[in-house]
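Here's a quick briefing to read alongside the model. Have the sequence and the 3D view open as you go.

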Amino acid sequence: MAIQCEYYDSNLEVEVKDCYWKITKLTGDKSRINFFVGVYRNKERADANIIINELQFWFTPDLESELNFIAQAYNHLKTLPMFWSAIDV
């Protein structure tokens, strides 16, 4: 499971289209889930662990949901403005 979306690096002032974003670490409890998302140029680079950047996010899990915490984390990302164009890949 992953999403595809552009990535803007504010330090380099460069936008990279169609990056591959995948959760690299997820921790937490019933009140808060913290997770890291790796940004990769594409799936092949992700499989080779050639990372562009890693960003941290969090959400409050829905304990009644049929979705596991990883799926909930991806759904949470897609609610954030920076992921407005994200698609599941």
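**Salt bridges, sheet and overall build**

E15 is partly exposed, at 43% relative accessible area (buried means under 20%, exposed over 50%, partly exposed in between, with a 1.4 Å probe and protein chains only). Keep in mind that this is a predicted model, where local features need pLDDT of at least 70 and side-chain atom pairs count only at pLDDT 80 or more, while totals for chains, interfaces and linings use all residues. Residues are numbered from 1 along each chain as its sequence is written, and side-chain values use heavy atoms, leaving out hydrogens and water.

**Salt bridges**

- The count comes to three salt bridges, taking a salt bridge as a side-chain nitrogen of Lys or Arg within 4 Å of a carboxyl oxygen of Asp or Glu.
- E15 pairs up with K17, with 2.8 Å from N to O. On the K17 side, the relative accessible area is 52%, so that residue is exposed.
- K43 and D47 make another salt bridge, at 2.9 Å from N to O. The two sit four residues apart in helix α1 (residues 43-47), so about one helical turn separates them. K43 is partly exposed at 39% relative accessible area, and D47 counts as exposed at 54%.
- K78 bridges to D88, with their closest N and O atoms 2.8 Å apart. This pair ties together distant parts of the chain: K78 is in the loop between α2 (69-77) and β5 (87-88), D88 is in strand β5, and they are ten residues apart. K78 is partly exposed, at 29% relative accessibility, whereas D88 is exposed, at 54%.

**Elements and sheet**

- The protein has two helices and five strands, with helices (H or I, at least four residues) and strands (E, at least two) taken as DSSP runs and numbered from the N terminus.
- Reading from the N terminus, the elements go β-β-β-α-β-α-β.
- The five strands make an open sheet with antiparallel pairing, ordered β4-β3-β2-β1-β5; strands pair if DSSP finds at least two bridges between them.
- β4 (51-59) and β5 are at the edges with a single partner strand each, so one side of each has no neighbour in the sheet.
- Strand β1 (residues 3-9) and β5 run antiparallel and are joined by two bridges. Here Q4 stands opposite I87 in β5.
- α2 lies across β1, β2 (14-29), β3 (32-40) and β4, and it runs at about 140° to β2. Axes are lines fitted to C-alpha atoms, for helices over the stretch in contact, and angles run from 0 to 180 degrees between N-to-C directions.

**Overall build**

- The C-alpha trace spans about 40 × 25 × 20 Å along its principal axes.
- Buried residues come to 30% of the 89.
- Of the contacts with a separation of 6 or more, 41% are between residues 24 or more positions apart, where contact means heavy atoms within 4.5 Å.
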